[in-house]
Amino acid sequence: MNLAIWKKRAGVTSPFVFQLLVIMFLVEFVKGALLLTILPVYMSTVLGATAYVVGWSLAAQYIGDNVFRTPVGWLLDKAGYRLSMLLGILLTGSAVVIMATFTAHGWMVAACALLGIGTAPLWPAVIAGTTEVAGDKAKGTVMSIVYMAWLSGTGLGPIVINFFIQGANYGPAYRVLLISMGVVLLVSVFLPKKPQTVSPADASQADKHDQTVAVKNKRFQTNVMSMEAGADPLGVLPERTRPKSRPILKRAIQYLQEVRSSLREMKVSRFLYPAMFLQTFALGILTPILTLFAREVLHLSPAQYSMLLVIGGGAAVLLLVPVGKLVDRFGVKLLLAPGLICSASALLSLGFIRQYSFVYALVILLGIGYALIIPSWNAMIASAVPKEKRGAIWGFFLTIEGMGMVVGPIVSGKLWDTFGPAVPFTVSGSVLLVLLILQWRILAKSQT
């Protein structure tokens, strides 16, 4: 199968999917630059904050992101993609402006929380939109492409931003981030309310006509049924016969009740929910201490640290799409367990290795492990999401996963300050071993 065919099957040729991927890349570029380079180094070296304080600052971002993911899922289903993303991008840009303007700890924490709230629509929108366009037969491939955009942005952000940090002067770096957010805002303006799963370029004129007729007939039937039920979509009933609109809060509560009912009907293992938390918890432990470990323990220069990120991230990015294709062809079970074993082995060793050559080898192994984990794990999750509540269910699932990114940095900072730099890596690797056991139970349940 050539590149053009699998791209078409995965929905990558859709302008809507391309827009989502561009937004994903640029927003994660900004977040990666802030969370992995600017905030940890600036707060620890310039402001004298401990790793525990830095962890709490990063946790504020994840808290803001996590709390609003489920409501954003509801907003996506009701208001569409354009409005949801525009609101989030405006808040994200405001957070960057605050960080560039104020230096007090309180303002930085508030800006981190605002950054989290602003980026809350990103993952529910991108995952729900791309999987809706790709369909059931290409979930693994499209997840690979989404995470390739995420890893590319997250990895390039800390690398590129280093070239714009001039000693203690972070002004040029913040200007780069604000320009990036301006591009994201421009792209988001052209997002549709809902994706088009059929490309107009691929359909003949006759097909277009048939589709138009079908839509009109469906609308007519819907209007007739609504009028029979007492509704007035055409505005032709007398004023006294029109039903009163329900308050937004009641509609939201009813919708969440429907989501809860859908979750009960889903035939998934009860171990899925703690597994979703642990998967991101293991990653969250690493977030605030990676830069500190590279600078203070390994004594890497900025160029060496950038090379480390390029090697590890590059290994993951290069393998994501081939692994996604293998997941679509052979299923999840073949690749998820080896990925967890590779990643756990690398993390358990990384905290105790000081030779540069071995460090680079372990980082490559970690990148390979996550390249195996990401498409297979998310394809497994996507298979459990009902189509009729795609946005809200993804929002709920991502909320659970987001809790791991909230708790992880806090625990990581405390482990670093109390037990030393090796312990966070040991805990992260051990969590992946626990996840290895849980995924066997989850897959066994899904096959029954």
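**Exercise 1. Decide whether R69 is buried or exposed, then place R69 in the fold.**

Solution. R69 counts as buried because its relative accessibility is 9%; buried means under 20% relative accessible area, exposed over 50%, and partly exposed in between, with a 1.4 Å probe and protein chains only. The model is predicted: local features need pLDDT of at least 70, side-chain atom pairs count only at pLDDT 80 or more, and totals for chains, interfaces and linings use all residues. Residues are numbered from 1 along each chain as its sequence is written, and side-chain values use heavy atoms, with hydrogens and water left out.

Next, find the element: R69 is in helix α4, residues 69-79. Helices (H or I, at least four residues) are DSSP runs numbered from the N terminus.

**Exercise 2. Find the salt bridge and state which parts of the chain the pair ties together.**

Solution. Start with the general point: side chains of opposite charge can pair when their charged atoms come close. The criterion is a side-chain nitrogen of Lys or Arg within 4 Å of a carboxyl oxygen of Asp or Glu. A search of the whole structure gives 1 salt bridge. The partners are K31 and D65, at 3.9 Å from N to O. K31 belongs to helix α2 and D65 to helix α3, so the pair ties together parts 34 residues apart in sequence.

Then check burial on each side. K31 is buried, at 8% relative accessible area. D65 also counts as buried, because its relative accessibility is 3%.

**Exercise 3. Describe the largest cavity by its volume and its lining.**

Solution. On a 1 Å grid over the protein atoms alone, a cavity is a set of points where a 1.4 Å probe fits but cannot get out, and lining residues have an atom within 4 Å of a point. Grid points are joined across faces, edges and corners, and the volume is the space filled by probe spheres set on the points.

- Count: the structure has 1 cavity of 30 Å³ or more.
- Volume: the largest cavity holds about 70 Å³.
- Lining: the residues include I23, V27, M85, I89, T92, T119, L122 and M181.
- Elements: α2 (15-46), α5 (81-101) and α6 (105-119) each give at least two lining residues, and α5 gives the most, with 5.

**Exercise 4. Which residues form the nonpolar patch on the surface, and what area do they have together?**

Solution. A nonpolar patch joins side chains of Val, Leu, Ile, Met, Phe, Trp or Tyr within 5 Å, from residues with over 30% relative accessible area and no salt bridge. Y52, W56, I63, V67 and F68 make up the patch, with about 440 Å² of accessible area together. Accessible areas come from the Shrake-Rupley method with a 1.4 Å probe. Take V67 as one member: V67 lies in helix α3, residues 51-67, and counts as exposed because its relative accessibility is 52%.

**Exercise 5. Where is H299, and what is its phi?**

Solution. H299 sits in the loop between α13 (290-297) and α14 (302-330). Its phi is positive, about 55°, although H299 is not a glycine. At 56% relative accessibility, H299 counts as exposed.

Methods: Patch = residues over 30% accessible without salt bridge, like charges linked within 9 Å, V, L, I, M, F, W, Y side chains within 5 Å. 1 Å grid on protein atoms, 1.4 Å probe; cavity = no way out; pocket = protein on both sides within 12 Å on 5 of 7 lines; lining within 4 Å.
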